[in-house]
Amino acid sequence: MSTSSTHQACHHPARDITIVTLISGVVSLGTAVTTMAFDVSPLATLTSSGGAFIAVLSAGMNVLNHVKRGV
């Protein structure tokens, strides 16, 4: 392999991915506590908190992709 070859590597440090994951976890826990306050079933609590986790994680990874694109 020559030194002038282009290599597409992930430019996201583990720190950035960890921060996005932790924020997703905190939002998910907040959603679970809020949902439990309405006295709903455990399945509804898991569904809403899981959905919140996936939504925030997806949004955060998209933001990382756009922010790091110029690097």
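This is a predicted model: local features need pLDDT of at least 70, side-chain atom pairs count only at pLDDT 80 or more; totals for chains, interfaces and linings use all residues.
**Stop one: Thr 45**

Keep Thr 45 selected and look at its cover. Thr 45 counts as buried because its relative accessibility is 8%, and buried means under 20%. Next, show the neighbours. Leaving aside residues up to four places away in sequence, Thr 45 touches Ala 32, Thr 35, Met 36 and Val 40.

**Stop two: helix α1 and Val 27**

Now select residues 14-37, which make up helix α1. Val 27 lies in this helix. Is Val 27 buried, partly exposed or exposed? Its relative accessibility is 32%, so Val 27 counts as partly exposed.

**Stop three: the salt bridge**

How many salt bridges are there? The count is one. To find the pair, select Arg 15 and Asp 16, which form a salt bridge. Draw a distance between their closest N and O atoms: these are 3.3 Å apart, and the cut-off for a salt bridge is within 4 Å.

Finally, colour the two partners by accessibility. Arg 15 counts as exposed because its relative accessibility is 54%, where exposed means over 50%. Asp 16, in contrast, has a relative accessible area of 10% and is therefore buried.

Key:
Residues are numbered from 1 along each chain as its sequence is written. Side-chain values use heavy atoms; hydrogens and water are left out. Helices (H or I, at least four residues) and strands (E, at least two) are DSSP runs, numbered from the N terminus. Buried means under 20% relative accessible area, exposed over 50%, partly exposed in between (1.4 Å probe, protein chains only). A salt bridge is a side-chain nitrogen of Lys or Arg within 4 Å of a carboxyl oxygen of Asp or Glu. Contact means heavy atoms within 4.5 Å.
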